[in-house]
Amino acid sequence: MSEDFYDILGVSRDADEDEISKAFREKAAQYHPDVSDKENAEEKFRQAKKAKEVLTDEEKRQAYDQMGHERFEQAEKRGGFDEGAGGMGGGPFGGAGGRGAGGFEDIFNQFFGGGRGGGGRGGNRPQQGRDIRTAMEITLEEAYEGVTKEFTIQRPEECPDCGGAGHPPDADVETCPECNGQGQVTQVQQTPLGRVQQTQTCRRCGGEGELYSESCSTCAGDGILQQEATLQVDVPEGIRDGQSLRMDREGAPGENGGPKGDLLIEVQIEDHPEFERDGDDLHHRHAISFPQATFGATVEVPTIEGTVEMDVPEGTQSGERFRLHGKGMPRLRGRGHGDLYVTVQIVTPDEMNEEQREALEQFAEAGGEEVNVEKGFFEKLRNSI
C-alpha cells in the first residue's frame, strides 16, 4: 500500500492511542466486509487494520515515523532496515527460522533493545495496558485536611458484549488459511548471502490464527470501548499543586491477557482568597488601622483551622511581616506543619468625622509638617502601603 497510515485513518501525526483506535472503529464501521458493499471495502478495511496495528505499537510507530511509509513497508517485507534508517542493513537477521525466529518484532528487539518477546502464536505475549492520565481540582482546605474524592473519567475498557474478543461468542470460527492457524507466516528470500528465512505476524488474522464470521457490532471488532467510570481516591493531607496520585490497575486494559495499566491523577489546587502557598508555608496579607500600627494591638488573623490572635507591636510599619509558627500546611508524609507569614498593611480610612479630622490635623501639626488633609497627608499614607 502506498498511502500513509495516518492518512488512511484520518488522524494527525501526534494523535494518541485513543484517537487512533476511535478512527479505526469508524473505518471498520464503513468498510468491514461483513457490513459494507462498497467497492474495495475489504482492501480498505485491511489497510485500516494494518495502520492501527502499527500506530498503536510504540516501537513500530517510532520506526515508521523515522523511516517513512515506503521504506517501512520494504523493511518489514525484507525483515531488516536499510542503511538510511538507524544504520542497519538488510542482512540475514532471520537465521535458522522456525516459529518466532527472525521476524519484524525480533528486529525491533535488536534495534531498540526490545521489550516485545517473540515466540508463541504471533509473538503475542501478555502485555500490561498503558497508563492513563487525568486531573482533579481540590480546595486548599482539602489539601490541608486530606480528603476522599469521587471523580468520573472516560477510559478504554473491554467491550462488555464480547469480553474484549472483538467477535460474538457464537461467531463461526475457521483456521486462518494464510498462516494455517500459526499466527505467523514465514517468507524465504534468496539474497547474495544465501537463503534468508523471516517469520512475522500474519497480517490477515493479526496473529490470532483464526478468522471469525462476524465482528462484534458494539465495538466494531476492536474489543475496546470508551466507558465512563466513577472512582474514589484518597488524597493525603499536605499534597502540593501538580503532584500526582497513582491508582494501580485502573488504566487501559492489557493485551493478550496482560494486566491493566495504572491511572495517574494530577492534583490541581484552587486559588484561595486569603492565602498564597509556598511549599509548606502559607502567606496572608492582613489590614490594620493607623492607630493599631502606631500604638500596637492584638488582632485576629485567619488560619486554615480558624482565627488566632497575633500581637502587633507599636510603631509597626506597613509591609512588615510576622511569622506564626506551625500554622501553615501539613508536611506530606512528614511531621509537623509549615508556618504562616502575615504581612500587615496599614489602611487609610475613606471617611472621617469632624473629631477624627481635627485629631489627625493636630497630630500632623505636632510633627512639624504642614499637611493638606484632603490631598497631601492621605496621599503619602496611600503611597507608603
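Student: What makes Glu137, Asp241, Glu266, Glu270, Asp271 and Glu276 a negative surface patch?

Tutor: Good place to start! Patches are made of residues with over 30% relative accessible area and no salt bridge, with like charges joined within 9 Å and nonpolar side chains (Val, Leu, Ile, Met, Phe, Trp, Tyr) within 5 Å. Asp and Glu count as negative, Lys and Arg as positive, while His and the chain ends are not counted. The place of a charge is CD of Glu, CG of Asp, NZ of Lys or CZ of Arg. The six acidic residues, Glu137 among them, form such a patch. Keep in mind that this is a predicted model, where local features need pLDDT of at least 70 and side-chain atom pairs pLDDT 80 or more, whereas totals for chains, interfaces and linings use all residues. Residues are numbered from 1 along each chain as its sequence is written, and side-chain values use heavy atoms, leaving out hydrogens and water.

Student: Why is Glu137 called partly exposed?

Tutor: Buried means under 20% relative accessible area, exposed means over 50%, and partly exposed is in between (1.4 Å probe, protein chains only). Glu137 has 47% relative accessibility, so it counts as partly exposed. You will find Glu137 in strand 1 (residues 132–138); strands (E, at least two residues) and helices (H or I, at least four) are DSSP runs numbered from the N terminus.

Student: Why does Asp280 count as buried, and where is its place?

Tutor: Asp280 is buried because its relative accessibility is 13%. Its place is the loop between strand 10 (276–278) and strand 11 (281–289).

Student: What makes the pairing of Asp280 and Arg240 a polar contact?

Tutor: A polar contact is a pair of N or O atoms within 3.5 Å; within protein, one must be able to donate a hydrogen and the other to accept it, and residues adjacent in sequence count only if both atoms are side-chain atoms. The side chains of Asp280 and Arg240 are joined at 3.3 Å, and the contact qualifies.

Student: Why is Asp262 called buried, and which side chain does it contact at 2.8 Å?

Tutor: Its relative accessibility is 8%, so Asp262 counts as buried. The 2.8 Å polar contact joins its side chain to that of Arg246. The Asp262 side chain also reaches the backbone nitrogen of Arg249 at 2.9 Å.

Student: What makes Asp222 and Lys52 a salt bridge?

Tutor: The rule asks for a side-chain nitrogen of Lys or Arg within 4 Å of a carboxyl oxygen of Asp or Glu. Asp222 and Lys52 meet at 3.2 Å, N to O, and the pair passes. The two are 170 residues apart, with Asp222 in the loop between strand 6 (210–212) and strand 7 (224–235) and Lys52 in helix 3 (residues 41–55). Both Asp222 and Lys52 are buried.

Key: Accessible areas come from the Shrake-Rupley method with a 1.4 Å probe; for residues, only the protein chains shown count as cover.
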